[in-house]
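Subject: Structure handover

Hello,

Please find the structure below, with the sequence alongside. My notes on it come after that.

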Amino acid sequence: MNKNNLMKKWIAPIVLIFIMCISLCGCKDYKINKNAIVMSISSYSNGVTQAFSMPADTDYFLQHEASQQEIDEYIEDLESQIRTQLWNNMFLNYYEIYLKNPIEEFSLNGDLVKIKNVAYNSVTDSVNFSFVFGSYEAWKYYHPSTSSDDEEQTDQSVFLDVDVSKGTFPFSQQSGGKIVGYIYYDVLYNVKISHFSKEIVDSEEKPTFVYSYGTTHKRIHSNADYVYEDGLYYHVWQVEYEDLSQENPLELYTVNAVRGWWYLVALAGALFVSAVGIIIFVVVDKKKKKNKKSV
């Protein structure tokens, strides 16, 4: 075997084990920034929840002398615009999928697909909506795989099989020739600018964009910025507004031991320990016999 290839086969598992150790020691007290625009996928044992959250930033405008009446009108308008421009588009996309292949079991707002409408949450100061799929079959029905889906590949080394899924940060993808994150931001910005002065709105900090993936599987690893456990194992990617246009790759992978090789290593280790024990026994026994002869 070529020396370089041999080194690669040994280095690959070592690097992967190192990455796995880092991910397992991920940040457990991670909190999403209050001004973040968030998309989250939570994969449970009985289904998937797809949720969206947009910051309202009412505290910011109250600090800049907005009245409570102005805030209330702003929140009402924000809910309306998010419903019209974001929620409605997603609903129509799902509805189109249903019309092309209607299966009553997966009907929108039926037993297996629940749609939660746009609503303001005063606790998190955000406007949220979500789609709840009560089974994996329902999720797959509305998210069919195509040839253009995220790239999947398998990397095999001497000790490990690695299944890798690669994609792009959702808010860095394009829709209609425009970056998705900018589309979301523009909805918020246009509502704010219609209620507050341009100077105040432009002085506000730009939002952070977050994609969160939660899974029940501990053996899934990733190149996420944060990994933590809270009922599910969460992988969180975070990108600043200014960096949305850059290449922001996502990677998820599972690492499986090639059992035959690990058993061989374990056996070799056991044999090595036994061999050392035998050598020590032989050396000590020889010394004892030698000492007896010299007496």
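Predicted model: local features only at pLDDT ≥ 70, side-chain atom pairs only at ≥ 80, totals over all residues.

Strand S1 covers residues 37-44 and is mostly covered, with 7 of its 8 residues buried. S1 has strand partners in S9 and S2. With strand S9 (residues 208-215), S1 runs parallel, and 7 bridges join the two. In that pairing, Ile41 is opposite Tyr213 of S9. With S2, the pairing is antiparallel, over 7 bridges. Here Met39 is set opposite Phe52 of S2. S1 and S2 are also joined by a hairpin, through 2 residues. When you look at which side chains point where, recall that side chains in a regular strand alternate between the two faces of the sheet.

Aromatic pairs

The structure holds 25 aromatic pairs. A pair of rings is described by the distance of the centres and the angle of the planes. I picked out two of the pairs.

One of them is Phe52 with Tyr184: the ring centres are 6.4 Å apart and the planes are at 25°, so this pair counts as stacked. The cut-off for a stacked pair is an angle under 30 degrees. Phe52 belongs to strand S2 (residues 47-55) and Tyr184 to helix H5, so the pair links distant parts of the chain, 132 residues apart. Phe52 has a relative accessible area of 4% and is therefore buried. Tyr184, at 9% relative accessibility, is buried as well.

Tyr141 counts as buried because its relative accessibility is 12%. Tyr142 is buried at 2%.

The cavity

How many cavities of 30 Å³ or more does a search of the whole structure find? The search gives 1. The largest cavity holds about 100 Å³ of space. Its lining includes Asn35, Pro55, Asp57, Tyr185, Leu188, Tyr189 and Lys192. Val201, Glu204, Glu205, Lys206 and Pro207 also line the cavity. Helix H5 (residues 180-193) gives the most to this lining, with 4 residues. By class, the lining has 6 nonpolar, 1 polar and 5 charged residues.

Two of the names above turn up elsewhere in these notes. Lys206, from the cavity lining, lies over the face of Tyr241, at 5.5 Å from the ring centre.

The second largest pocket

The second largest pocket holds about 530 Å³ of space. Its lining is made of 22 residues, and those nearest its centre are Ile32, Val38, Ser53, Thr124 and Asn128. The elements that each give two or more residues to this lining are S1, S2, S4 and strand S11 (226-230). S2 gives the most, with 5 residues. By class, the pocket lining has 10 nonpolar, 9 polar and 3 charged residues.

S3 and S4 run antiparallel and are joined by 7 bridges. Lys114 has Val132 in S4 as its bridge partner. The two strands form a hairpin with 4 residues between them, and Asp125 lies in the turn.

Most residues other than glycine have a negative phi. Two residues deserve a look on that account. Phi of Asp125 is near 50°, a positive value. Asp125 lies in the loop between strand S3 (113-121) and strand S4 (126-133). Phi of Glu65 is near 65°, also positive. Glu65 lies in the loop between helix H2 (58-63) and helix H3 (68-100).

Are these two residues buried or exposed? Asp125 has a relative accessibility of 6%, so Asp125 counts as buried. Glu65 has 75%, so Glu65 counts as exposed. The cut-offs are under 20% for buried and over 50% for exposed.

Regards

Technical notes
Residues numbered from 1 in each chain as written. Heavy atoms only, no water. 1 Å grid on protein atoms, 1.4 Å probe; cavity = no way out; pocket = protein on both sides within 12 Å on 5 of 7 lines; lining within 4 Å. Points joined across faces, edges and corners; volume = space filled by probe spheres on them. Nonpolar A, V, L, I, M, F, W, Y, C, P; charged D, E, K, R; others polar. Phe/Tyr/Trp six-rings, centres within 6.5 Å; stacked < 30°, edge-to-face > 60°. Buried < 20%, exposed > 50% of the residue type's maximum accessible area, 1.4 Å probe, protein only. Lys NZ or Arg CZ within 6 Å of the ring centre and 35° of its normal. Pairing = 2+ DSSP bridges.
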